[in-house]
Amino acid sequence: MADPHEVLRVGAAAGELLLRCGADVARVEDTVARIARAYGISDVEIYATPTGLFISLGGDTHVTVVKRVARRIVALDRVSAVNGLSRQIASRHLEPGEALARIREIEEQPGPVPTWTEPLFRAVSAAACTMLVGGLPHEFGAALLANIVVQGVGRLNRTCRLPDALGDYLAGAVAVGCAFLLHRWLGARMAPVVAGGIMVLLPGTAFTAAVRDAMAGDLVSSGARALEAAMQAAALAGGVATALYMAGGVQLL
Amino acid sequence: MTYFFAFLGSAAIAVSFRMPLRAIPAAGLAGVLGWLGYHGFTVLFGASPMLSAFVGALLVGIAGELFARKLREPTTMFIVPGLFPLVPGLMAYSGMLFLAREEMVAASQMLTRAAFYAGALAAGLALPPAIMRRRQ
């Protein structure tokens with residue numbers, strides 16, 4: 001059996017990284033428990049929520065750690081890598097120090113595609129959603145363009161460290177504004193362009209996680225996630241409605 | 001043709017979520033299956049959007065569980081991108097538009113519909129893990 005303090009450090013690092021990268025709570029608890037058991041500690045209690053986690057390892061003396069997670073992004077490659085690492089720890093008995101080093105490595109590893117292309121892929125996805133709601137070929141281009149601008153605003157909001165809700169509000173407003181301009185210039189209809197843009201901006205991840213957490217019995221986490229989704233949706237809707245109101249009088253559908 | 005865009009939409013959003021490249025085709029496929037459920041039920045059987053959304057989300061959920069086992073990755077990785085083509089963007093937009101025009105009856109009708117649609121998606125997503133996880 002390894003030193004509980006060391007194991008705790010590994011478990012906390014893995015759990016924190018998973019939460020920061022947008023893993024669901026059940027996955028976090030499962031992974032940390034698997035790591036602890038692999039090091040021969042069976043008496044383990046984990047309580048994870050989207051904004052933090054508690055880990056307590058039993059044995060001769062109890063050791064406990066609390067980790068707070070303030071900001072979350074979606075980085076599935078890291079979730080996948082930590083998942084793989086926890087399997088490795090279970091099957092091949094990595095030393096705790098080595099495991100910790102691997103977790104730091106995962107934290108630093110570059111994404112599967114260069115970071116600057118990520119907004120492009122998101123814009124492509126928005127444009128594809130535009131086509132799904134009945135867009136025409138030239139509206140594909142319009143949606144692509146509009147979404148890149150929207151993401152630029154989102155990035156600006158993050159650099160200025162303004163609250164996320166404000167960013168969602170601005171994103172909704174700018175999405176409509178861009179669609180309105182493109183409507184004037186290219187004759188793209190607004191409805192498909194905005195709808196496609198909204199599909200990418202709506203809190204799909206938080207919503208999905210809320211449902212999954214509820215089914216897994218993690219009610220606190222599920223509630224927090226549902227609230228997160230509702231907040232995002234409300235901010236976005238407010239932005240869209242404001243912009244539409246200001247653009248009012250035009251035939252928009 | 002829409003199936004191609006369903007694939008593109010899901011796969012592209014998966015890339016932007018930094019999904020490992022080997023899992024991207026599966027994410028796209030989950031999107032296609034969801035769209036198949038939604039589109040197929042709407043077009044072939046003339047089902048209501050709610051029922052179609054439920055079936056679509058159900059297929060995404062099942063695909064997610066299967067891909068997760070096959071590729072040994074967390075289920076979320078396939079469900080989140082797979083659900084993207086089904087998000088009720090147009091409903092939400094129309095609701096906002098009615099709201100901005102102060103057509104309150106039409107707005108509340110549309111927004112309530114979008115909310116129930118989201119509920120149908122949630123129900124469809126919730127079932128597969130509940131049933132398919134018992135064997136573990």
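Predicted model: local features only at pLDDT ≥ 70, side-chain atom pairs only at ≥ 80, totals over all residues.
**Ground rules**

I noted that local features need pLDDT of at least 70 and side-chain atom pairs count only at pLDDT 80 or more, while totals for chains, interfaces and linings use all residues; side-chain values use heavy atoms, with hydrogens and water left out. Residues are numbered from 1 along each chain as its sequence is written, and chains are lettered from A and ligands numbered from 1 in the order in which they are written.

**Entry 1: chain A**

I began with secondary structure, taken as DSSP runs numbered from the N terminus (helices are H or I, at least four residues; strands are E, at least two). Chain A has 10 helices and three strands. I read its order as α-α-β-β-β-α-α-α-α-α-α-α-α.

Next I looked up its extent: the C-alpha trace of chain A spans about 75 × 35 × 35 Å along its principal axes. Of its 253 residues, 51% are buried (under 20% relative accessible area; exposed is over 50%, partly exposed in between, with a 1.4 Å probe and protein chains only). I then checked contacts (heavy atoms within 4.5 Å). Among those in chain A between residues at least 6 apart in sequence, 66% join residues at least 24 apart.

**Entry 2: chain B**

Chain B comes to six helices and zero strands, so I wrote its pattern down as α-α-α-α-α-α. Its C-alpha trace spans about 50 × 30 × 25 Å along the principal axes.

I compared chain B with a simple rule for globules (2.2 Å times the number of residues to the power 0.38, with the radius of gyration taken over C-alpha atoms). A compact globule of 136 residues would have a radius of gyration near 14 Å, and the 16 Å of chain B agrees with that. Buried residues make up 58% of the 136 in chain B. Among its contacts between residues at least 6 apart in sequence, 65% join residues at least 24 apart.

**Entry 3: the cores**

I looked for nonpolar cores (sets of buried Ala, Val, Leu, Ile, Met, Phe, Trp, Tyr and Cys residues joined through side-chain atoms within 4.5 Å). The largest one has 39 residues, and those with the most contacts inside it are V28(A), Y39(A), I55(A), L57(A) and I89(A). At least two residues of this core come from each of α1 (4-20), α2 (25-38), β1 (44-49), β2 (52-57), α3 (76-92) and α4 (96-108) of chain A. The top contributor is α1(A), with nine residues.

Beyond its neighbours within four places in sequence, I55(A) is in contact with L8(A), G11(A), A12(A), V32(A), E45(A), I46(A), V63(A), T64(A) and V65(A). Apart from this core lies another, of 31 residues, including A143(A), A173(A), M190(A) and A243(A).

**Entry 4: the cavities**

Rolling a probe the size of a water molecule over the atoms shows where empty space is left. I counted two cavities of 30 Å³ or more. A cavity here is a set of points on a 1 Å grid over the protein atoms alone where a 1.4 Å probe fits but cannot get out, and lining residues have an atom within 4 Å of a point. Grid points are joined across faces, edges and corners, and a volume is the space filled by probe spheres set on the points.

The largest cavity holds about 70 Å³ of space. Its lining is A143(A), A146(A), N147(A), V150(A), A175(A), V193(A), V194(A), G197(A) and L201(A). Two or more of these come from each of α6 (137-159) and α8 (190-201) of chain A.

V7(A), L8(A), G11(A), A12(A), V32(A), A36(A), I55(A) and L57(A) line it. The largest share, four residues, comes from α1(A). I sorted this lining into seven nonpolar, one polar and no charged residues.

**Entry 5: two loop residues in chain B**

R18(B) has a positive phi of about 60° although it is not a glycine. I found R18(B) in the loop between α1 (2-16) and α2 (24-45) of chain B; R18(B) is buried, at 15% relative accessible area.

E102(B), also not a glycine, has a positive phi near 60°. I placed E102(B) in the loop between α5 (89-100) and α6 (104-132) of chain B. With 51% relative accessibility, E102(B) counts as exposed.

Terms used:
1 Å grid on protein atoms, 1.4 Å probe; cavity = no way out; pocket = protein on both sides within 12 Å on 5 of 7 lines; lining within 4 Å. Nonpolar A, V, L, I, M, F, W, Y, C, P; charged D, E, K, R; others polar.
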